[in-house]
Amino acid sequence: LQPNRFSAAARTSTEMPKNVGRRPESESEREDADTCKRVKLDPDVSGPVFDFKSPATLFESLISPIGSKEFFGEYWEQKPLLVQKNNPSVATYYQSLFKFDDLKEICRNDVFYGRDVNFCRCISGKKKVLNKDGKVNYMQLKKDFEQKKATIQFHQPQRFKKDELWKIQEKLECFFGSLVGSNVYITPEGSQGLPPHYDDVEVFILQLEGEKHWRLYKPTKPLAREYSTEPEDRIGSPTHEFTLKPGDLLYFPRGTIHQADTPTGGSHSTHITISTYQNNTWGDYLLDVIPWLVYDTMKEDIELSRGLPRQYLMQMSSSADSARKLSGFLRGLADQLENGKETRSSEMRKDFILNRLPPYMGNTSDCLTQAGKLPKLSDQIKLRFKDHTMILVELDQERTAHGLRFSWSHLEALKQLWTGDTVPVNGLKLDSDKAKENLALCLWTENLIEVS
């Protein structure tokens, strides 16, 4: 197989990566005067809490009884949703995801302040970080938690509580096509960890232990692109106020201003934030696509290759003629897109495939062994881990891509596997039987196909 033209990448490791890369993180929430719908379920609701059959069924069970169509039509990026499950079995399952006592076992690993754990408290409207140096000692952490009344913020708990959290986040990454991160927040009674703030991610909050009192405010930066705190005197009165109990779910869009505290007279509160869509906007996509579009167009349009006017870069502002020239180039690019010109989003896709979670395989090693017999021309083959496979076109020979690399002639055959279900080896769109067998063997060796 010829290298350096085309790559298909799939993450298939059964080992949970210790360093999960850049992932969305937040502590988050919100409601708008007539926006935060409260949904209460019948306490007799029974059955599995989450349905892991597919990414779509997992998400449906997460937001149930709201359906996906209603959620994305009325809530996503628009307003918060509060679902009060009111079901002991749901509360029990949520608690199994992470609880305070889990820290005792987790801290036996190499867990460090700053990298894995932040210890903070909101004092006079400001966040005060109370981290110590070095490795976290559980007994010291527990003592500080009780005496200093500070919040424990635990980053990316799926690295240590692997099974359920890994399954949930991996399926959600497949569903959204975007990185999904999580943080756990454990706050003692009568305390608040963070001041009013907003985040740059879409957030789903699951209340695991105890109760948490939330206040939500009208955004000052809707669909914010960065995290920021907001002073109390700027945000006004809360638009909504409620208390989450174990088993409850809250969603709110990025930019939602929120703060939360644990009521006095009860136990500590534990909740997990599951967050996504960080830097995953049309604007980010344009920043990724346009440089490639311009680069490709320069090969065909000589006007884009003509030099800038003399001393152009030394001017403080563009002239009217220059503005017309630039707008003409942009209109030309837009015309190409409308006429079917393909776009190449390379960096965003690479970032996603390199940093996402691998498929959840439990305690088995199924993805480490070849599935089925050695493929022959007469066999049928099927792509494994399709939700974890991505095709990238790389025209630059010097650029490095993660995954398998194939020549351009293999593109259509790989598309067959990615878009179809089962494909006969002799039906692959390649010029020779030898090439067809070689492609099937290559993918089988990498555990990426099933043979029947």
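**Figure 1. Overview of the protein chain.** The predicted chain contains 12 helices and 20 strands. Of its 452 residues, 49% count as buried. Among contacts in the chain with a separation of 6 or more, 84% are made by residues 24 or more positions apart. The accessible surface of the chain amounts to about 22100 Å², and carbon and sulfur atoms contribute 50% of that surface.

**Figure 2. The buried face of helix α5.** Helix α5 spans residues 138–148, and its buried residues are Y138, L141, D144 and F145. Viewed down the axis of α5, these buried residues fall within an arc of 130°, so they line one face of the helix. An α-helix has 3.6 residues a turn, and therefore residues three or four places apart point the same way. M139 and Q147, on the other side of α5, are exposed.

**Figure 3. Packing partners of helix α5.**

Figure 4. At the start of the helix, a side-chain oxygen of N137 lies within 3.1 Å of the backbone nitrogen of M139. The side chain of M139 belongs to a residue that is exposed. After α5 comes K149, which has a positive phi, near 55°.

Definitions and conventions: Residues are numbered from 1 along each chain as its sequence is written. This is a predicted model: local features need pLDDT of at least 70, side-chain atom pairs count only at pLDDT 80 or more; totals for chains, interfaces and linings use all residues. Side-chain values use heavy atoms; hydrogens and water are left out. Buried means under 20% relative accessible area, exposed over 50%, partly exposed in between (1.4 Å probe, protein chains only). Helices (H or I, at least four residues) and strands (E, at least two) are DSSP runs, numbered from the N terminus. The arc is that of the directions from the helix axis to the C-beta atoms. A polar contact is a pair of N or O atoms within 3.5 Å; within protein, one must be able to donate a hydrogen and the other to accept it, and residues adjacent in sequence count only if both atoms are side-chain atoms. Contact means heavy atoms within 4.5 Å. Accessible areas come from the Shrake-Rupley method with a 1.4 Å probe; for residues, only the protein chains shown count as cover.
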